[in-house]
Amino acid sequence: MFPKKSPKVTIDYAKCGEHGKVDPRDCTKCMKACDPAIFIIHEPVGVEQDPIDPKQWRITAVWTSLCNKCLKCVEVCPEKAISVSWS
Amino acid sequence: MCQWCMKHGAGGKWYMNAKNYSNELADSLLAREYLTEQWRNFENIYIRKIMGFSSIDLGYKLQMPIIGKLLKWNAEKMIHSDSKNRKAVRGDGHFGQVIPLEDAKVILGNLAAEPIIENYCMCRWMQRGIKECCCINFGQLSGVIEKLPRFIPQNLQYKISREEAIERIEKHNKRGYIASVWFQPVPYINAICSCENPECGGMRLRSDFGLHTVYKSEYAIKVNPDKCQACGMCVQKCQFGSLKLVPSLKRVIVDPMKCWGCGICRHACKHDALEIVPRESIPGLRGIY
């Protein structure tokens, strides 16, 4: 009755994002490696920052139902922050 | 003609009605406030929870029994909203339509309200991390985007004249980007984009999830079988997979249901075999936008 579960694409924000060493705005390697473009770069919701020029950014896998499990994002991430799993 | 032409087209296409570009209309819709809030928070649009649901894993959510149907109905109601209390952060009332180069030139040459600017594409930045200067915005949106440094190109003239705007849209179109015109918020028109599928936020929702964030153009492509030489150059240009080269027939065939009528493929044809015809003239496509 329920549709097939999408692959789970998780990003470790201790390694990438506002708490990590790398500014996602300068990297974006996963976003370019992903053929179906499932990643979105955005300001973290609920974090107060300068609305004109926000400095904190993170990347989230949004369109995970379109993920084709190629694992290119895992390979290309310099911080080894991305993991993909599916059942 | 779609429902938006009936409502805002004054007897023609909605994007050919000069009233929809006017400053007075923008003021009456409080467009400056709407656009400021929308553009400051644009990258959050798919992350933010709306009535308990965010767009994360939307493909799964839309397929759920009952809930999926409700979600789709509610999402489209929001996208097409023209009520007074629409929320800018979720992009209520922001949607568009694909147009061929000819219509884009008419809009930029005659209808678009000044000042005109060309800034970094929001969608390509959000979905690919690429900053590419190809979005032509005008009217009250220009002043709003100017204040946001992440969208303003550093080494390029971003304030442009009508003639420059026409030149640039033609350049983008010939590169293979699809011209589209946008309500923001409906019925105020202030943007002509050069989109790419699936990097465009609107085309993503339409082509992958069937939500009407972008309407197909008022035209559809027609192949002249006598002129087609089966070189297949046009097939590479189509971003929607509507063209196919059939070697045994020695020509290209069209899937009209997949064609968005952007007319990009024409730029690749050296034999003048492709032309756009009004969508209404093809019986099977009547009323399908």
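Into which domains is chain B divided? In this predicted model, chain B comprises domain 1, residues 3-215, and domain 2, residues 219-285. The C-alpha centres of these two domains of chain B are separated by 27 Å. Contact between them involves 11 residues of domain 1 of chain B and 11 residues of domain 2 of chain B. On the domain 1 side, the elements that contribute two or more residues are α9 and β5 of chain B. For chain B the pLDDT averages 94, and 100% of the residues score at least 70. The complex as a whole is given an ipTM of 0.94 and a pTM of 0.93 by the predictor.

Chain A contains 3 helices and 4 strands, arranged along the sequence in the pattern β-α-α-β-β-α-β. Its C-alpha trace spans about 45 × 30 × 20 Å along the principal axes. Chain A has 87 residues, of which 37% count as buried. Among the contacts in chain A with a separation of 6 or more, 65% come from residues 24 or more positions apart.

The contact between the chains takes 24 residues from chain A and 26 residues from chain B. On the chain B side, two or more residues are supplied by each of α4 (58-63) and α7 (122-128) of chain B. Of the elements on that side, α4(B) gives the most, with 4 residues.

The largest nonpolar core has 102 residues, and those with the most contacts inside it are I38(A), F39(A) and I192(B). At least three residues of this core come from each of domain 1 and domain 2 of chain B. In soluble globular proteins, nonpolar side chains tend to be buried together. Leaving aside residues up to four places away in sequence, I38(A) touches V9(A), A61(A), V62(A), W63(A), T64(A), L66(A) and C67(A).

I192(B) is also one of the residues touched by I107(B), which is placed in helix α6 of chain B. I107(B) counts as buried because it has 22 C-beta neighbours inside 10 Å, the cut-off being 20 or more. I107(B) and Y21(B) are 86 residues apart in sequence, and their C-alpha atoms are 9.7 Å apart in space.

Helix α9 of chain B covers residues 162-175, 14 residues in total, and its first and last C-alpha atoms are 20 Å apart, close to the 20 Å expected at 1.5 Å a residue. Its buried residues are A165(B), I169(B), H172(B) and N173(B). These residues cover an arc of only 100° around the axis and therefore lie on the same side of α9(B). E163(B) and K171(B), on the other side of α9(B), are exposed. The cover over the buried residues of α9(B) includes α6 (101-111), β2 (116-120), β3 (133-138), β4 (159-160), β5 (178-183) and β6 (189-195) of chain B. After α9(B) comes G176(B), with a positive phi near 115°.

Several further backbone features concern peptide bonds and phi angles. Most residues other than glycine have a negative phi, and most peptide bonds are trans. In chain B, a cis peptide bond joins Q184(B) and P185(B), with omega about -5°. A cis peptide bond also joins V186(B) and P187(B), with omega about 5°. P185(B) is placed in the loop between β5 and β6 of chain B, and P187(B) is likewise placed in the loop between β5 and β6 of chain B.

In chain A, T28(A) is not a glycine, yet its phi is positive at about 50°. T28(A) lies in the loop between α1 (24-27) and α2 (29-33) of chain A. With 19 other C-beta atoms within 10 Å, T28(A) is partly exposed. A37(A), also not a glycine, has a positive phi of about 55°. The loop between α2 and β2 (39-42) of chain A holds A37(A). A37(A) is buried, with 22 other C-beta atoms within 10 Å.

Notes:
Residues numbered from 1 in each chain as written. Chains lettered and ligands numbered in written order. Predicted model: local features only at pLDDT ≥ 70, side-chain atom pairs only at ≥ 80, totals over all residues. Core = buried A, V, L, I, M, F, W, Y, C linked by C-beta atoms within 7 Å. Buried ≥ 20, exposed ≤ 12 C-beta atoms within 10 Å, placed from the backbone. Domains from an automatic or database assignment. Contact = placed C-beta atoms within 7 Å. Expected span 1.5 Å × (residues − 1). Arc of directions from axis to C-beta. pLDDT = per-residue confidence, 0-100.
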